[in-house]
Amino acid sequence: GKNAFLPPQDAASLQVPYGTTQKEAAGRTALTPDDLKKLKQISTAKTLAKQIEGLSSKVNTFDAGPMGVERLYEGSKVAVGATLQTNENAALMRTQAAKLAVLMRSLGEVGVLTDTDIDRGEKLLPNVYDTKSMAQRKLRGLDRFFKATETIVRNPTMPFDEAIIKSVMDDPTVSQTSKRSIQVLIKKGTPIGEISAIVMEQ
């Protein structure tokens, strides 16, 4: 009956914990082994992004300063340290960012992301010249990027820009004011690409 537990393989393909009943799982779309593999790649990418976030908090510690002078001076110092391997955090952040860029490309090869999506994702990787606030904005955008990527694996017909907006609207940490502003833009007929670019770093 509907109160029977799903078999383990069905629970896995529906992405629900074992012990979920058939009734509770009604309406969920089963994922193929290929989809599950893609979600695993995204999970690996999210773990790398979290490591980069931790390193960034030790590397991107400066502000822009007057006319951006501090950013250039501090960023150059950090860049030299990363290249000479004397600044371990900066060197590791650069390595992890390069690994994450490769992972993004592999998601393109399996048809999850387009080249345009990948370019957008790569621009969100913090670098040693980013100020603290810029790095934080990029990392927020990176989090949205991977949430949207997961959404399109589960809903292959959904456009990526729409998935980005969905990731913001579903986020309990985003204020209701911000969400209302997004709804206003949608009602006004603002192009979806413009809205997603605005909300990427919300």
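This is a predicted model: local features need pLDDT of at least 70, side-chain atom pairs count only at pLDDT 80 or more; totals for chains, interfaces and linings use all residues.
Q: Nice. And what volume does that pocket have?
A: The volume of the largest pocket is about 380 Å³. Of its 20 lining residues, Lys 50, Glu 53, Leu 139, Arg 140 and Asp 143 are the closest to the centre.

Q: Which helix gives the most to that lining?
A: That's helix 6, with nine residues. Helix 2 (33-59) and helix 6 (132-154) each supply at least two residues of the lining.

Q: Switching topic: where is Asp 161 found?
A: Asp 161 sits in helix 7, which covers residues 160-169.

Q: Is Asp 161 buried or exposed, and why?
A: Asp 161 counts as buried because its relative accessible area is 18%, and buried means under 20%.

Q: OK, so what does its side chain pair with?
A: The side chains of Asp 161 and Ser 196 are joined by a polar contact of 2.6 Å. Setting aside neighbours within four places in sequence, Asp 161 is in contact with Arg 120, Ile 192, Gly 193 and Ser 196.

Q: One more: how far does helix 4 reach?
A: Helix 4 (residues 88-109) has 22 residues and spans 32 Å from its first C-alpha to its last, close to the 32 Å expected at 1.5 Å a residue.

Q: Which of its residues are buried?
A: Among them are Ala 90, Met 93, Gln 96, Leu 100, Met 104 and Leu 107.

Q: And what comes just after helix 4?
A: Gly 111 does, with a positive phi of about 85°.

Key
Residues are numbered from 1 along each chain as its sequence is written. Side-chain values use heavy atoms; hydrogens and water are left out. Helices (H or I, at least four residues) and strands (E, at least two) are DSSP runs, numbered from the N terminus. The expected span of a helix is 1.5 Å times one less than its number of residues. Buried means under 20% relative accessible area, exposed over 50%, partly exposed in between (1.4 Å probe, protein chains only). On a 1 Å grid over the protein atoms alone, a cavity is a set of points where a 1.4 Å probe fits but cannot get out, and a pocket is an open set with protein on both sides within 12 Å along at least five of seven lines; lining residues have an atom within 4 Å of a point. Grid points are joined across faces, edges and corners, and a volume is the space filled by probe spheres set on the points. A polar contact is a pair of N or O atoms within 3.5 Å; within protein, one must be able to donate a hydrogen and the other to accept it, and residues adjacent in sequence count only if both atoms are side-chain atoms. Contact means heavy atoms within 4.5 Å.
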